[in-house]
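Open the model in your viewer and keep the selection panel at hand. The tour starts at one residue and widens to the whole chain.

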Amino acid sequence: MKTIIALLGALLPCFLTAQITQPGVVLLQNSGKTPLEDVQVTAPGAADALSLGDGRFSLTFASKSKGDYARVTVEKPGYQVVNGRSLAHADLDPEQVLTVIMCPAGEIDRRLTALNERYEKTIKADYEEQLARLKAGNLATPDTLAALEAQYERKLSRLGEFNDD
């Protein structure tokens, strides 16, 4: 009798874990919600899905429940995922649509490069403006110039650290 009770106790969690279907949609970034079709959507424990013409897909998990988490991955040749961090730890809730945002491959790098160029120009312009003020006010001593140069280098260094993230 104890063996049967122990066996039932061990199997009970298997019967309590419900199947869940997580709805989702794949959209093109900055497009006014333009859907992306034929995006491969996968997650451990779920059947693979392919987004339809309206961008919608469904992942069905055999042993997950509402509130569980899943690592969702998406692929489409020529595109890259924008919101990958939120998909790496997606909260499963069949009442909420899981949104995947994608952009053309290389777009994120192009935008980061353009942003970096603007920041570098701003940092350099600020440095040159401060240097001109020091010189105009006859305050350009070796110590003040060294401090200004150090500040300039720190700002550039922080920009490099930001890029590494």
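**Stop 1: two loop residues.** Select Lys33. Lys33 is exposed, with a relative accessible area of 68%. Here buried means under 20% relative accessible area, exposed over 50%, and partly exposed in between (1.4 Å probe, protein chains only). Lys33 lies in the loop between β1 and β2. Check its backbone: phi is positive, about 70°, although Lys33 is not a glycine. Most residues other than glycine have a negative phi.

Now select Asn30. Asn30 sits in the loop between β1 and β2. Its phi is about 55°, again positive in a residue that is not a glycine. Asn30 is exposed, at a relative accessible area of 62%.

**Ground rules.** This is a predicted model, in which local features need pLDDT of at least 70, side-chain atom pairs count only at pLDDT 80 or more, and totals for chains, interfaces and linings use all residues. Residues are numbered from 1 along each chain as its sequence is written, and side-chain values use heavy atoms, with hydrogens and water left out.

**Stop 2: the sheet.** Select β4, β1, β9 and β7. Strands are DSSP runs of E, at least two residues; helices are runs of H or I, at least four; both are numbered from the N terminus. These four strands form an open sheet in the order β4-β1-β9-β7, with mixed pairing. Its edge strands are β4 (56–61) and β7 (79–81), each pairing on one side only. Two strands pair if DSSP finds at least two bridges between them.

Zoom in on β1 (residues 20–28). β1 and β4 pair in the antiparallel sense over six bridges.

**Stop 3: confidence.** Color by pLDDT, the predictor's confidence in each residue, from 0 to 100. The chain averages 88, and 87% of the residues score at least 70. Which elements mark the lowest and highest confidence? Helix α1 (residues 2–16) is lowest, at a mean of 50, and strand β2 (residues 40–42) is highest, at 98. Select residues 10–15: pLDDT is below 50 there, and the stretch has zero contacts in the model beyond near neighbours in sequence. Contact means heavy atoms within 4.5 Å.

**Stop 4: the whole chain.** Zoom out. The secondary structure comes to four helices and nine strands. From the N terminus on, the elements run α-β-β-β-β-β-β-β-α-β-β-α-α. Buried residues make up 24% of the 165 residues.
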